[in-house]
Amino acid sequence: MSVLLLTSAGHAPGVTALGVALAVTWPEPVLFVDANREPDQTVLAGHLQGSDPGGRGLGGLLQAHRERRPLAACLDAMTVPLADGGRDFLPGFSHPGMVALFGPAWTELARALEDAGRTVLVDAGRITPDGLPPALVAASSGVAVVTGSRLVDLAALRLYLPLVVAAAGEERVGLVVVGPGRPYGSGEIGHRFGVPVWGKVAWQPVEAGVFASGEPAPRRLLSSAYVADVRALGAVLAARATDRRALLREPGRSSVPHHATGRGSPAS
């Protein structure tokens with residue numbers, strides 16, 4: 001199936017909230033992965049209301065990798081339910097020290113996600129000076145870079161967006177603008193950076209808080225502009241996933257190269 005990455009250049013535009021919202025509104029079974037290399041366990045503490053993963057997540061997969069057990073065979077057992085309908089969650093790192101230790105396992109994880117049998121949405125956290133994990137980028141159908149529309153958001157985007165474009169290629173990178181018109185519009189931002197805008201998300205902190213931190217749902221949540229925009233973005237991402245699968249079916253095409261490592265692409 002297809003792997004879709006969600007990331008940001010900084011200033012907390014709401015990547016995790018968007019990822020959870022996409023997953024719970026996705027029209028078919030989906031796996032949401034916390035691959036944030038600055039671990040904060042937001043989903044476990046927020047949307048899942050303090051759930052104890054019981055050793056499941058990337059930490060469990062790291063142990064399996066060390067024991068030379070295939071990650072593809074272990075993946076489902078390392079997930080927890082996120083919502084009904086086959087919508088599951090793979091918890092992230094339970095300790096900051098795990099991030100460096102996971103380096104040798106990124107490539108096998110990427111292959112396991114490709115073979116998961118359902119769409120995979122990955123919260124990759126912030127883009128670092130080394131970029132994103134190359135194996136995840138190579139496996140992905142697309143990389144959605146989430147940004148706000150303030151000048152501080154765009155300043156960070158100017159610094160880090162080129163790293164993602166260089167690693168993934170222009171055809172696999174798009175912007176998601178949270179809160180367009182505060183003050184810059186999504187079309188203006190896309191034109192400025194030369195990257196297509198795949199979607200926009202209304203600035204509705206109350207609605208976003210339901211998915212980000214498990215806040216009580218307001219009335220008419222499902223008919224809100226926030227959820228409508230999330231559903232529209234999901235349709236765009238699903239179309240990209242379909243196109244990517246068709247491309248990879250061509251003879252001689254592959255996604256994750258055997259030389260991909262857990263280290264990020266160097267800054268240019």
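Leaving aside neighbours within four places in sequence, Gly-50 is in contact (heavy atoms within 4.5 Å) with Leu-44 and Ala-45. Gly-50 is found in the loop between α2 (42–45) and α3 (58–66); helices here are DSSP runs of H or I with at least four residues, strands are runs of E with at least two, and both are numbered from the N terminus. At 53% relative accessibility, Gly-50 counts as exposed. The cut-offs are under 20% relative accessible area for buried and over 50% for exposed, with partly exposed in between (1.4 Å probe, protein chains only). The C-alpha atoms of Gly-50 and Gly-214 are separated by 9.7 Å, although these residues are 164 residues apart along the chain.

The model is predicted, and local features need pLDDT of at least 70, side-chain atom pairs count only at pLDDT 80 or more, and totals for chains, interfaces and linings use all residues. Residues are numbered from 1 along each chain as its sequence is written, and side-chain values use heavy atoms, with hydrogens and water left out.

**Backbone features in loops**

The loop between α2 and α3 also holds Gln-49, whose phi is near 55 degrees, a positive value in a residue other than glycine. Gln-49 counts as exposed, at 56% relative accessibility. Ala-12, in the loop between β1 (3–8) and α1, likewise is not a glycine and has a positive phi of about 45 degrees. Its relative accessible area is 72%, so Ala-12 is exposed. Arg-68, which follows α3, has a positive phi near 60 degrees. A cis peptide bond, with omega about 5 degrees, joins Arg-182 and Pro-183; Pro-183 is found in the loop between β7 (173–178) and α9 (186–193).

**Salt bridges**

Side chains of opposite charge can pair when their charged atoms come close. A salt bridge is defined as a side-chain nitrogen of Lys or Arg within 4 Å of a carboxyl oxygen of Asp or Glu. A search of the whole structure finds six salt bridges, including those in the table.

| Pair | Closest N to O |
|---|---|
| Arg-69 and Glu-67 | 2.8 Å |
| Arg-118 and Asp-88 | 2.9 Å |

Arg-118 is buried at 10% relative accessibility, and Asp-88 is buried at 18%. Asp-76 joins Asp-88 and Arg-118 in a network of salt bridges. Apart from neighbours within four places in sequence, the contacts of Arg-118 are Met-1, Ser-2, Pro-29, Val-30, Leu-31, Asp-76, Gly-86 and Asp-88.

In the pair of Arg-69 and Glu-67, Arg-69 is partly exposed at 34% relative accessibility, and Glu-67 is partly exposed at 42%.

A nonpolar core is a set of buried Ala, Val, Leu, Ile, Met, Phe, Trp, Tyr and Cys residues joined through side-chain atoms within 4.5 Å. The largest such core has 50 residues, and those with the most contacts inside it are Leu-61, Leu-113, Val-122, Val-145 and Leu-161. Helix α8 (residues 151–168) supplies the largest share of this core, eight residues. Another core, of 34 residues, lies apart from it and has among its members Val-15, Leu-18, Ala-144 and Val-210.

Leu-61 is one of the buried residues of α3, together with Leu-58, Gly-60, Leu-62 and Ala-64. The buried residues of α3 pack against β2 (30–34), α4 (71–74), β4, α5 (98–101) and α6. Not counting residues up to four places away in sequence, Leu-61 touches Leu-71, Cys-74, Leu-75, Met-78, Leu-90 and Leu-109.

**Packing of α1 against α10**

The axes of helix α1 (residues 15–25) and helix α10 (residues 205–213) come within 8 Å and cross at roughly 85 degrees. Axes are lines fitted to C-alpha atoms, for helices over the stretch in contact, and angles run from 0 to 180 degrees between N-to-C directions. The two helices, α1 and α10, are therefore roughly perpendicular to each other, a class that covers 65 to 115 degrees; angles under 35 degrees count as roughly parallel, over 145 as roughly antiparallel and the rest as oblique. Ala-17, Val-20, Ala-21 and Val-24 of α1 make the contact with Ala-208, Phe-211 and Ala-212 of α10. These residues divide into seven nonpolar, no polar and no charged, where Ala, Val, Leu, Ile, Met, Phe, Trp, Tyr, Cys and Pro count as nonpolar, Asp, Glu, Lys and Arg as charged, and the others, Gly among them, as polar.
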